[in-house]
Amino acid sequence: MLRRELGQLKKDKAIKIIDDKEQRWIIDLNHKISRQIVNLAVQEEVGTIIMEDLENIRDTAESLNRADRNLDSCFFYQLQQFIEDKAELAGIKVEYINPQYTSKSCSRCARVKKSNRKANLYSCECCNHIHADLNVSRNIANKYLEQQFA
Ligand SMILES: [Zn+2]
């Protein structure tokens with residue numbers, strides 16, 4: 001075997017080890033995050049956890065910054081699976097909603113305006129100035145409630 005080929009082989013092996021380590025790190029992180037979410041839900045006596053249906057992730061992905069967008073959607077899918085598993089064991093229901101417009105809509109007045117969201121802040125003309133993630137969370141809850149009572 002040529003020295004060059006051997007070098008490449010070592011490099012490939014090194015990359016694989018990093019990939020496996022990263023993979024384990026992500027699985028471990030997802031277990032920790034899902035554990036915290038379900039523990040909080042139990043503590044707050046939450047009956048249903050509502051999440052965005054990842055098959056409709058495009059609208060969500062658009063609103064995330066570049067670093068977030070680079071995260072593989074597998075990461076989110078796995079996290080949701082872990083949340084589902086732990087929630088089921090805790091007797092908590094899990095439901096999904098279509099995530100369309102959840103990041104662009106105002107959770108107070110329902111106006112849809114992409115420019116209302118600037119980085120971590122959502123600011124609407126109706127004086128709703130809140131953290132963008134909280135705005136999304138409220139929209140998810142509102143959507144679910146609308147579906148329930150439609
Ligand atoms: Zn508003």
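Biologist: Is the crossing of helix 1 and helix 4 left-handed or right-handed?

Modeller: The crossing of helix 1 and helix 4 is right-handed. Handedness is left if the near helix is turned anticlockwise from the far one by less than a right angle, and right if clockwise. This is a predicted model: local features need pLDDT of at least 70, side-chain atom pairs count only at pLDDT 80 or more, and totals for chains, interfaces and linings use all residues. Residue numbers start from 1 along each chain as its sequence is written.

Biologist: Why are helix 1 and helix 4 called oblique to each other?

Modeller: Helix 1 (residues 3-43) and helix 4 (residues 73-89) pack at an angle of about 45°. Under 35 degrees counts as roughly parallel, over 145 as roughly antiparallel, 65 to 115 as roughly perpendicular, and the rest as oblique. Helix 1 and helix 4 are therefore oblique. Their axes are 9 Å apart; axes are lines fitted to C-alpha atoms over the stretch in contact, with angles from 0 to 180 degrees between N-to-C directions.

Biologist: Which residues of helix 1 and helix 4 meet?

Modeller: In helix 1 they include Ile-26, Asn-30, Ile-33 and Val-38; in helix 4, Phe-75, Leu-79 and Ile-83 are among them. Contact means C-beta atoms, placed from the backbone, within 7 Å. Leu-79 is in contact with Asn-30, Ile-33 and Ser-34, leaving aside neighbours within four places in sequence.

Biologist: What makes up the largest nonpolar core?

Modeller: Five residues: Val-38, Ile-49, Leu-79, Ile-83 and Ala-87. Such a core is a set of buried Ala, Val, Leu, Ile, Met, Phe, Trp, Tyr and Cys residues joined through C-beta atoms within 7 Å. Helix 4 gives the most to this core, with three residues.

Biologist: Why does Val-136 count as buried?

Modeller: Buried means 20 or more other C-beta atoms within 10 Å; exposed means 12 or fewer; partly exposed is in between. Val-136 has 22 other C-beta atoms within 10 Å, so Val-136 is buried. Val-136 lies in helix 5 and touches Thr-102 and Ser-103, not counting residues up to four places away in sequence.

Biologist: Why does Asp-133 count as exposed?

Modeller: Asp-133 has 11 C-beta neighbours inside 10 Å, so Asp-133 counts as exposed. Asp-133 also lies in helix 5 (residues 132-149). Asp-133 and Tyr-122 are 8.5 Å apart in space, C-alpha to C-alpha, and 11 residues apart in sequence.

Biologist: How many helices and strands does the protein chain have?

Modeller: Five helices and five strands. Helices (H or I, at least four residues) and strands (E, at least two) are DSSP runs, numbered from the N terminus.

Note on methods. Contact = placed C-beta atoms within 7 Å.
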